There are 2 protein chains.
Amino acid sequence: MKKYLMTPGPTTLPEDVLSIMAQPIIHHRTKEYQEINQKVNEGLKYIFSTQNPIFTLAASGTGAMEAAVCNLLSSTDKAIAIIGGKFGERWAELCKAYKVDVESFEVEWGIPLDIDRLRERIETIKPAVCFATLCETSTGMLFDIKGISGLCQKEGVMLVVDAISGLGADPMLTDEWGVDVVISGSQKGLMAPPGLACISMSQKALEKASRSDLPKYYFSVPKAYKAYQKNDTAFTPAITLIRALSCAIERIQKEGLENVIKRHSILASATRAGVEAIGLEVFPKNPSNAVTAVKVPEGIDGKRLTKLMKDGYGVNFAGGQGHLEGKIFRIAHLGYCDKFDVILALSCIEMVLSDMGYPVKKGEAISSAEKILI
Amino acid sequence: MKKYLMTPGPTTLPEDVLSIMAQPIIHHRTKEYQEINQKVNEGLKYIFSTQNPIFTLAASGTGAMEAAVCNLLSSTDKAIAIIGGKFGERWAELCKAYKVDVESFEVEWGIPLDIDRLRERIETIKPAVCFATLCETSTGMLFDIKGISGLCQKEGVMLVVDAISGLGADPMLTDEWGVDVVISGSQKGLMAPPGLACISMSQKALEKASRSDLPKYYFSVPKAYKAYQKNDTAFTPAITLIRALSCAIERIQKEGLENVIKRHSILASATRAGVEAIGLEVFPKNPSNAVTAVKVPEGIDGKRLTKLMKDGYGVNFAGGQGHLEGKIFRIAHLGYCDKFDVILALSCIEMVLSDMGYPVKKGEAISSAEKILI
């Protein structure tokens, strides 16, 4: 059976990204590699919409989240973590792992946060750092980072944004919005394999990192920054993955970041129109362009639904996480994705739901999507 | 110019390891990936000569070193780090980063340690953990891990061994020697790209890790172990690199670990015979099978030597690190390496030294090596 990857990471890799990894390995202390490294560093600045340095670590996205926590914070700092899903929870877990006093600012999953309530908490606890999420992958919810950043700047709080799944799909205007630290991972909108984590740091953040007293070594930003200034890395880089990322970045540069985001926006709209046309409901109130979380309709077993899609039709969607397990499924339209990926996803949904006895008028989701995709 | 990689990591990748990375990416929460993961876990046990679980992290080798430090130690523990080169130093740096009281047990670079002096220090400071190195990549020195482990067991000290460059080249009999924790990296004898770090943990080490109070999250062994027991990983694995590693491990299994080590031993002997035949001196007293460090002869500029080899002949050797910069050069015969790799390395050395005015009788290094390679 032909297989299709519609999960929010890893995402499908473009053919040239795949084939570059089959080239003989090169050493990282060569001019040839340094050119690639430089290209990646510059390309990431374009995609992160920042002039800040971006450090790429050999790690999964969580590694860069940990780097943000253990470099930005010191043991006496307070922090606040905005939690509206599984990845927001990770910020609080990371702070607790470093014994940092963190307030969990809970937001109902899939619901926009109340900025006045956030202001009240920030004014009360006076945190040094606020941790937020651009696209909360577990719910498909897009947070208003511009609004949160405005508040943080006014209150003198440093803002760290997990843009792991949102980057390259949703707008993330790091410098324009004044976001100090932005995190991403290679296996999402960046169209590269998993194993690389990126972290952008403002001068203010770098300065704070230089004074942090929390333990770190591999994730040390001062070490990474020192090497970065010499177009080097503190530790042996994942050369193969960096080359893949370089190739993928070139694709984004050629298409143009605005066009890439516009494409994701159209694919997301078409997906939502499609599922709504057959009576399904989108889970989050403010959906991201990266992934659409859809409520499993009454009477349908959600875990069986995604299993049938994968085993019966070869299409790999993600299910729900945490308390949403079995209650939602998630369609990623992220990275190397075009209109026919959305069509096949919707077609698969129509067929499987119909197999499971849910009343679907076949073609209806497709027809609604096509109107937007044209 | 055709290029040759004779560096102790990254090492040349076999063709099938390269080509498997060009296959479409698969999701890690699939049966297909779980089979690969299981194969890697079992294959690593064979190569590490252990029944202990081995956790493979998306990180460079230093990541696994850090995992050993922040999981095995607690804040009130004492540690001792055997330092005979740049990578031994890293153990002490890592302990200090976590504010652990560590004694640096300095050994002259390239010289075997005095086991009685080590015993005296261990009996005096009573450390919980001793950190050692199998092959010290910066000097090409092989340490007597069997002897150190015997001492540690007698003294009730846990032993952690950095076998990053030694594994698969020098014998590393984890269980037979009773070594609690062994570290390796993908880009050395394991013939895979950089970006993966492996750590094996005895039950005693796992038990100590479960009680450690040092901060960690991404490198948490309890998290890794919990996922491992379900044939899963705590965080998104570097899928592409794991597939490459799986392919490389299969090669080692087919050749047989003993044959692989024997091959490395022959290549190392031939390399030493070759350089000695033209009057050069091997740097370490007890050389590893992974890499041969050679003293730069009097009157020759060591940095220019490696530069000419790379730029003039396309052969990438490593130079010296730390206080050995310019004083040694290092020839790796590690991983996907056979007799003609040694021949080309020696031929390059003959030609470049001759170019630089050093008196070389051309073919003499080759002739001595061939006698061993036959």
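These are my notes on what I looked up in a predicted model.

**Entry 1. Chain A as a whole**

I began with the elements of chain A and found 14 helices and 14 strands. I then took the extent of the C-alpha trace, which spans about 60 × 55 × 30 Å along its principal axes. For the radius of gyration I noted 21 Å, which agrees with the value near 21 Å for a compact globule, because chain A has 374 residues. I also looked up burial: 57% of the 374 residues of chain A count as buried. Last, I checked how far apart in sequence the contacts reach. Among contacts in chain A between residues at least 6 apart in sequence, I noted that 72% join residues at least 24 apart.

**Entry 2. The two domains of chain A**

I looked up how chain A is divided. Domain 1 is made of 4-8 and 257-373, and domain 2 covers 15-255. I wrote down 28 Å for the distance between the C-alpha centres of domain 1 and domain 2 of chain A.

I then turned to where these domains of chain A meet. On the domain 1 side I have 24 residues, in contact with 25 residues of domain 2. Which elements of chain A each supply at least two residues of the side of domain 1 that touches domain 2? I found helix H11 (257-277) and strand E11 (291-295) of chain A. H11(A) gives the most to this side, with five residues. Sorted by class, the side of domain 1 of chain A that touches domain 2 has 13 nonpolar, nine polar and two charged residues.

**Entry 3. Strand E14 of chain B**

I moved to chain B and picked strand E14, residues 328-332. Is E14(B) mostly covered or mostly open? I noted it as mostly covered, with five of its five residues buried. I then went through the strand face by face. Ile328(B), Arg330(B) and Ala332(B) are on one side of E14(B), and Phe329(B) and Ile331(B) are on the other; all are buried, and both faces are covered.

**Entry 4. What E14(B) pairs with**

I looked up the strands that pair with E14(B). Strand E11 of chain B, residues 291-295, pairs with E14(B) in the antiparallel sense over five bridges. One bridge I wrote down has Val291(B) with Ala332(B) in E14(B) as its partner.

Strand E13 of chain B, residues 318-319, also runs antiparallel to E14(B), and two bridges join them. Here I noted Gly319(B), whose bridge partner in E14(B) is Phe329(B).

How values were computed
Residues are numbered from 1 along each chain as its sequence is written. Chains are lettered from A and ligands numbered from 1 in the order in which they are written. This is a predicted model: local features need pLDDT of at least 70, side-chain atom pairs count only at pLDDT 80 or more; totals for chains, interfaces and linings use all residues. Domain bounds come from an automatic or database domain assignment. Two residues are in contact if their C-beta atoms, placed from the backbone, lie within 7 Å. Helices (H or I, at least four residues) and strands (E, at least two) are DSSP runs, numbered from the N terminus. Ala, Val, Leu, Ile, Met, Phe, Trp, Tyr, Cys and Pro count as nonpolar, Asp, Glu, Lys and Arg as charged, and the others, Gly among them, as polar. A residue is buried if 20 or more other C-beta atoms lie within 10 Å of its own, exposed if 12 or fewer, and partly exposed in between; C-beta atoms are placed from the backbone. Two strands pair if DSSP finds at least two bridges between them. The radius of gyration is taken over C-alpha atoms; the globule rule is 2.2 Å times the number of residues to the power 0.38.
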